[in-house]
Amino acid sequence: MHFTLQKRNKTWMPAINFSIVGLMVYIMACPASSMDVLVHNQIDVLNGTMVRIQCIFTSCYKMDVNKFAMNWTYQENTNKTEEMFMTYKKGMMPLRTDRFSDRVQFVGNLEKNDLSITLSDVQLSDKGIYNCYVRNPPDRIQGHGIINMFVVTELPPPRDSTIAVAIGASVGGALALLILSMVVVKCIRRHKKQELISDEQKMEEEGKLDAEGGTEEGTKKAFLPEDV
């Protein structure tokens with residue numbers, strides 16, 4: 001079985017962290033013949049800065065340096081040919097390209113299944129698709145992580161969490177008030193219904209008593225002696 005895990009949220013770089021606990025849980029419950037590659041699906045990078053492009057793989061098998069292989073490639077878009085700029089075959093080998101020159105460095109840790117790289121002095125032309133391919137025999141299926149990188153000229157304004165908290169508190173308060181109002185209305189209706197039932201029961205009892213009284217009086221009159 002093979003599937004690729006990717007972070008779906010946008011991430012401003014640098015500042016990417018993966019959950020070590022999640023990796024440990026996966027490794028403990030790892031199915032046979034399975035490899036997963038964990039990457040950020042999309043990253044936004046400020047022009048002129050350095051970015052860490054992270055790629056971590058999980059496998060049920062320990063890495064054999066004589067069989068393990070990986071490649072980093074770049075595409076301008078899905079219609080363009082991939083350009084390989086880093087590979088591993090019994091050793092990490094950065095490939096010098098006209099696009100990146102010597103701006104790419106391997107900063108991962110093979111012992112921790114970390115294949116991350118850094119790209120320094122990011123340019124607007126670096127926007128595109130970065131592919132992280134992993135093969136770790138005896139896993140039969142090649143792992144593949146896809147990162148869409150966008151280069152921006154300015155960072156977005158900071159988000160004010162206070163507003164979000166205030167809105168959340170207001171909505172929560174309104175919901176609580178609505179629920180309380182509904183409960184009060186329901187209790188009032190139930191109380192009125194009980195009072196109405198009680199009044200009806202009293203009227204029925206009084207009617208029964210009146211009927212019984214009338215019957216007794218009629219009986220007494222029926223047995224009174226007639227005047228001679």
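Let's start with Glu76, Glu83 and Arg99, which are linked in a network of salt bridges. A salt bridge here is a side-chain nitrogen of Lys or Arg within 4 Å of a carboxyl oxygen of Asp or Glu. One link you can look for is Arg99 with Glu83, where the closest N and O atoms are 3.7 Å apart. Arg99 lies in the loop between β7 and β8 and Glu83 in strand β6, so this pair ties together parts that are 16 residues apart in sequence. Strands like these are DSSP runs (E, at least two residues), numbered from the N terminus.

Before I go on, a word on what you're looking at. This is a predicted model, in which local features need pLDDT of at least 70 and side-chain atom pairs count only at pLDDT 80 or more, while totals for chains, interfaces and linings use all residues. Residues are numbered from 1 along each chain as its sequence is written, and side-chain values use heavy atoms, with hydrogens and water left out.

Back to our pair: are these two buried or exposed, or something in between? Arg99 is partly exposed, with a relative accessible area of 23%, and Glu83 is partly exposed too, at 32%. The cut-offs are simple: buried means under 20% relative accessible area, exposed over 50%, and partly exposed in between, using a 1.4 Å probe and protein chains only.

How many salt bridges does the structure hold? It holds four. Another of them joins Arg52 to Asp114, with the closest N and O atoms 3.2 Å apart. That one links distant parts of the chain: Arg52 sits in strand β3 and Asp114 in the loop between β8 and β9, 62 residues apart. Arg52 counts as partly exposed at 28% relative accessibility, whereas Asp114 is buried at 11%.

Then we have Asp126 and Arg103, whose side chains meet at 2.8 Å, N to O. Here Asp126 is in the loop between β9 and β10, Arg103 is in the loop between β7 and β8, and they are 23 residues apart. Asp126 is buried, with a relative accessible area of 0%, and Arg103 counts as buried at 12%.

In soluble globular proteins, nonpolar side chains tend to be buried together. In this model, the largest nonpolar core has 30 residues, and Ile53, Phe68, Trp72, Phe85, Leu115, Tyr130 and Met149 touch the most other members. By nonpolar core I mean a set of buried Ala, Val, Leu, Ile, Met, Phe, Trp, Tyr and Cys residues joined through side-chain atoms within 4.5 Å. Several strands each supply at least two residues, including β3 (51-53), β6 (83-89) and β10 (128-135). Which strand gives the largest share? That is β2, with five residues.

Zoom in on Trp72 for a moment. Leaving out residues up to four places away in sequence, Trp72 touches a list of residues that includes Ile53, Phe85, Leu115 and Tyr130, and also Cys55 and Cys132. A contact means heavy atoms within 4.5 Å.

Those two cysteines have a story of their own. Cys55 and Cys132 form a disulfide, with their sulfur atoms 2.1 Å apart; the cut-off for a disulfide is a pair of cysteine sulfur atoms within 2.5 Å. The structure holds one disulfide. The link is left-handed, with -80° about the S-S bond. It joins distant parts of the chain, Cys55 in the loop between β3 and β4 and Cys132 in strand β10, 77 residues apart. Both cysteines are buried.

Finally, a few backbone details in the loops. The peptide bond from Pro137 to Pro138 is cis, with omega near 15°, and Pro138 is found in the loop between β10 and β11. Ser101, in the loop between β7 and β8, has a phi near 55°, a positive value in a residue other than glycine. Ser101 is partly exposed, at 29% relative accessible area. Asn113 has a positive phi of about 60° although it is not a glycine. You'll find Asn113 in the loop between β8 and β9, and it is buried at 18%.

Terms used: Helix = DSSP H or I, 4+ residues; strand = E, 2+ residues; numbered from the N terminus.
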